[in-house]
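Subject: Handing over the structure and what was found in it

Dear colleague,

Please find the structure below, handed over to you together with its sequence.

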Amino acid sequence: MYVKYKSSSKKNIETFEKNFIGKLGEEAVKSRLNQFVTEVDYTIKKGGDNKVDFKLTSGLSISGIQVKTRNGIYDTVKWSISKEEIEENNFLVCMLIE
């Protein structure tokens, strides 16, 4: 991620911070569910979120698991999910980093 966003422009720094927070959440979920979920393929997620972060490895008919990570104070953080995200995922994991 550093190489991708190493430019010093303010927009790139903000994009890096947002993506870094998202990746922290994904890695936290991956570390807890380890062998039960697929790896996150960062090569296909270059533009950001693909709406599905994980799938179960067991073959159960779970279409997707999405992780949403935000940072801030719990009573001011805003969460949003699109209709497409609801249709493509069976589970939504929301993580807050204060």
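How many salt bridges does a search of the whole structure find? The search finds four, where a salt bridge is a side-chain nitrogen of Lys or Arg within 4 Å of a carboxyl oxygen of Asp or Glu.

Residues are numbered from 1 along each chain as its sequence is written, and side-chain values use heavy atoms, with hydrogens and water left out.

**Confidence and layout**

The predictor's confidence in each residue is given as pLDDT, on a scale from 0 to 100; its mean for the chain is 79, and 79% of the residues reach 70 or more. Where pLDDT is low, the predicted coordinates should not be read in detail.

The chain holds two helices and two strands, which follow one another from the N terminus in the order α-β-α-β. These elements are DSSP runs numbered from the N terminus, with helices (H or I) of at least four residues and strands (E) of at least two.

**The strands and the core**

Strands S1 and S2 run parallel and are joined by seven bridges; two strands pair if DSSP finds at least two bridges between them. Strand S1 is mostly covered, since five of its seven residues are buried, and Arg70 stands opposite Leu96 in S2.

Which six residues make up the largest nonpolar core? They are Val29, Val37, Val40, Phe54, Ile65 and Val67, and the term refers to a set of buried Ala, Val, Leu, Ile, Met, Phe, Trp, Tyr and Cys residues joined through side-chain atoms within 4.5 Å. Val29 touches Phe54, Val67, Val93 and Met95, if residues up to four places away in sequence are not counted. In soluble globular proteins, nonpolar side chains tend to be buried together.

**Three of the salt bridges**

Side chains of opposite charge can pair when their charged atoms come close. In one of the salt bridges, Lys23 meets Glu26 at 3.7 Å, N to O; both residues lie in helix H1, three residues apart, which is about one turn of the helix. Lys23 counts as buried at 14% relative accessibility, and Glu26 is buried as well, at 4%.

Another joins Lys30 to Glu39, with their closest N and O atoms 3.4 Å apart. Are these two partners buried or exposed? Lys30 is buried, with a relative accessible area of 9%, whereas Glu39 counts as exposed at 59%.

Glu85 and Lys68 form a further salt bridge, in which the closest N and O atoms are 3.1 Å apart. Because Glu85 lies in helix H2 (residues 83-88) and Lys68 in strand S1 (residues 65-71), the pair ties together parts that are 17 residues apart in sequence. Glu85 is buried, with a relative accessible area of 5%, and Lys68 is buried at 9%.

**Two places in the loops**

Gly72 lies in the loop between S1 and H2 and is partly exposed, with a relative accessible area of 24%. Although Gly72 and Ile97 are 25 residues apart in sequence, their C-alpha atoms are 6.5 Å apart in space. Beyond its neighbours within four places in sequence, Gly72 is in contact with Val77, Leu96, Ile97 and Glu98.

Leu56 is found in the loop between H1 and S1, where it counts as partly exposed at 24% relative accessibility. Its C-alpha is 5.6 Å from that of Phe36, a residue 20 positions away in sequence. With neighbours within four places left aside, the contacts of Leu56 are Phe36, Val37, Ile62 and Ile65.

With kind regards

Technical notes:
Predicted model: local features only at pLDDT ≥ 70, side-chain atom pairs only at ≥ 80, totals over all residues. Buried < 20%, exposed > 50% of the residue type's maximum accessible area, 1.4 Å probe, protein only. Contact = heavy atoms within 4.5 Å.
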